[in-house]
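This report describes the fold of one chain and its contacts with a partner chain. Please consult the sequence and the structure shown here alongside the text.

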Amino acid sequence: MARSTSKDAQALFHSLRSAYVATPSSLKIIDLYVGFAVFTAIIQVVYMAFVGSFPFNSFLSGVLSCVGTAVLAVCLRIQVNKENKEFKDLPPERAFADFVLCNLVLHLVIMNFLG
Amino acid sequence: MNFLSPLHPPLQLCLSSTLGGGRMHLPKEGEIVIPEMGFQISSPSMEKKPWIFKTIVDERDGILGMSLNLGKEVKEVKSFVGGGNKRMAGSLAGFLVLILAISICEAASIFQPISDSHRSAALDLFKPADGSFGSLEETYEALRTFEILGINKKPDVSTATCGTVSKALGSSSSTPKDLFDALRVNSILKCNINAEVFEGIISRLQAAVSGASSLLDFYYSVGSLGLIKDQTSKADLHLSDAEGIFRSIKALSQSDGRWRYSSNNPESSTFAAGIALEALARVVSLASSEVDQSMIGTVKNDILKLFDSIEKYDDGAFYFDEKVVNVPEHPGPLATSSSVVRGLTAFTTVATGSLNLPVDKILGLAKFFLGIGIPGDAKDFFNQIDSLACLESNSVSIPLILSLPSTVVSLTKKENLMVKVNTVLGSKAPPLTVKLVRAYSTSSKDTSIIENKELSFDPERVVYFLDALPDSVDVGSYIFVFKVVLHDSEHKDVYVTGTLTHVQIFMTGLVKIGNAEIAVLDNDLGSIETQRKLDLAGENAVSLSANHLQKLRLSFQLTTPCGSAFKPHQAFLKLRHETKVEHVFLMRNSGKKFEITLDFLGLVEKLFYLSGKYDIQLTVGDAVMENSLLSDIGYVELDLPEAPEKAPRPPPQVVDPYSRYGPKAEISHIFRAPEKRPPQELSLTFSGLILLPFIGFLIGLLRLGVNLKNFPTSSVPAAFAILFHVGIAAVLLLYVLFWLKLDLFTTLKTLSFLGVFLMFVGHRILSHLASASSKLKSA
């Protein structure tokens, strides 16, 4: 039973990987970027767990910067993905411009909040 | 600490004022501090001043009032502290200090003539520096003051000043004002000036007079010519067109008797009127022939009109003041009055015929100048003394001033009431009689104690005195009404004495204190448990003991020398506990008898349930009471019940009452302790760890085989692509700068420019890429 479960899991991962390989590389870059941002946020949270949250605004701005970037990147991925029929008419360049603008606004606020 | 000493005679009040013309100001340091029950007068100039004060303690309302009465009949100053606070009322410690910003009325009708105090003040005020008094104008003022006051020990400045005078006279660039000042100084110092120098000046001044247009030009040039005529005994020095000049000066006068400084200045001034009158007097004296009497008559009319605008104080003093206040260098009442008096005296000296000026106004002006006391400013001092000298020698009417060396008469010492009559500068008056019209008590104005009595004259001391007071005169304050009658009927036209002079006189004497006793009573029956006789004039050391169910009674009688009841300004009983907690009780009287009964049952709360030894102190004081007392009677040992929990606590006692006004303890600011910071190594480690995801990101990119093949190859889009990336980098750099040093406004301003640029290049490159990809798709 257990064996079959691990096998099933292996099969699941295998199919997932083979399906993911088919993803366009531009989307893969975005996924990598999201992962990078999330990991950076996690490292900051771990740091906070060690030393306490004293400059709380700095901690918040650091984490929110990463999380915000990740969320914006996910939004970009949704818009760029050709499978999403909803955004079929939206050119990816337009989506990228939105992404850049949102990032700049987000980071202006983050810098203001950083202290 | 001097508690109510009537031996300190409430005399005249001549307060010096530092303000020119203002008559009713205390000197700056004249603050009166009243610690507890006593007096401390913190100003050296106030120490010799009389004072009478009255304290009002109302235990129900908790209002402490104090009226201070300086000198004679005076405005009462009331100041209340601690209103509504019952504890404050109970304790006089509550008003340790009362700084009264008093504006005291000068003794109502008593004005002292110029005396030696003015002479010593003059020597203090006019002190030469480096052998001179400063400018020639200041030198003249100093020398003239010394001359009038007859000060012989004046500082010798003649060598240095004569040098300045001859320099000013010899210089061709001197203005008429410089010449005028130099000549004025020369009239006193009589320097050795060459006759040729005068010749040169005369021709220049004659030209200046004929070319003059403003009042001051006339004043200085005509004045200088007049001074030269006086100094050189040149009988033939005349103004060529005296009547013409007279007319041009007169043309500047206004219908109300005031003058304008020049024809194109519409503002008329009282100060200018004085200057004009002086200039006109000079013109008349310099005229080669008699000036038309009708013109002199119109000027006399102007003077009378000017005197209609004179202003008045309540005490009979008259003064001139400038009506237009917004003039630069507004001269003030003293300078204005002084200018008018100088002009008036000069003009009446040269003008023939009588001038029907109201004599009471002349006397009022004299009172105004004397009422200033001793001014603290050299200019004011000169104006005061010079004007008084003008009044003393004027040809209209010379004021005589009635003054009293002392307004306090001790009945015990059988002192005589003395009156002096002098001219304003303190010189001898012509033969005259001083009559006491009537004298009445301030409390009952209708009944006179003395009527129509002539004062005897003591030729040796030059005083008039009242030899014997009737026996009915008791201690207290009285108003004496004097009248001066001149012997010689010729003098009546020359001197002005005023009609009646009202003076407040204090009769002091020993008040008999009798039947003084202190007793402890039982509460319910009122039966006496212990009773002690007291001798309040001597020492007492009573020791009593009481509990909260008993009462303490203190009583005494006050009788004046004439046997009537006496009510002093102050009668207080003070209980002081060992812990320095004090309670003050007001003694109330019924007829002669003063009595206070302290019911301890009702007082336990007020006494803060403090058992133990209480010192008893009695205060009886009044300005007319020569034996005012502040005596420690002894002590009472009180046995009071334990304090309930909610009982009020006694107030913390100040060890030194003055420390309350000393520097306060320094306040040290405590800042919040800084937060604990993590060790630096840990922070640096995590900073390094942050790089790990980034490296992972880069490795991931490499594994995905990312390339820049989509980067535009043709030059224009490539340039836009580079600019787009540079723009993003610039915005991020701006954010870093914002974090490090810039403020939000600068950042937003820069960001708006960068944003527009970024929008432009971004739009260009992205639309290029979009069109390229759509072409690719369609192809």
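The account below takes the secondary structure, the annotated spans and the interface in turn.

The model is predicted. Chain A contains 4 helices and 0 strands, and its elements follow one another along the sequence as α-α-α-α. Of the 115 residues in chain A, 23% are buried. When contacts in chain A between residues at least 6 apart in sequence are taken, 70% of them join residues at least 24 apart.

An unreviewed UniProt entry carries the annotation "transmembrane region" for residues 32-50, 56-76 and 96-114 of chain A. Two of these spans are set out in the table, with their secondary structure and the separation of their end C-alpha atoms.

| Span of chain A | Helix | Strand | Distance between end C-alpha atoms |
|---|---|---|---|
| Residues 32-50 | 100% helix | 0% strand | 27 Å |
| Residues 96-114 | 100% helix | 0% strand | 26 Å |

The remaining topic is the interface. Contacts between the two chains involve 24 residues of chain A and 24 residues of chain B. On the side of chain A that touches chain B, the elements giving two or more residues are α2 (25-51) and α4 (92-114) of chain A. The largest contribution to this side comes from α2(A), which gives 12 residues. By class, the side of chain A that touches chain B comprises 18 nonpolar, 4 polar and 2 charged residues.

In summary, chain A is built with 4 helices and 0 strands, and α2(A) gives the most residues to the side of chain A that touches chain B.

Terms used: Residues are numbered from 1 along each chain as its sequence is written. Chains are lettered from A and ligands numbered from 1 in the order in which they are written. This is a predicted model: local features need pLDDT of at least 70, side-chain atom pairs count only at pLDDT 80 or more; totals for chains, interfaces and linings use all residues. Two residues are in contact if their C-beta atoms, placed from the backbone, lie within 7 Å. Ala, Val, Leu, Ile, Met, Phe, Trp, Tyr, Cys and Pro count as nonpolar, Asp, Glu, Lys and Arg as charged, and the others, Gly among them, as polar. A residue is buried if 20 or more other C-beta atoms lie within 10 Å of its own, exposed if 12 or fewer, and partly exposed in between; C-beta atoms are placed from the backbone. UniProt positions are given in the numbering used here, feature names are shortened, and annotations may be inferred rather than shown by experiment.
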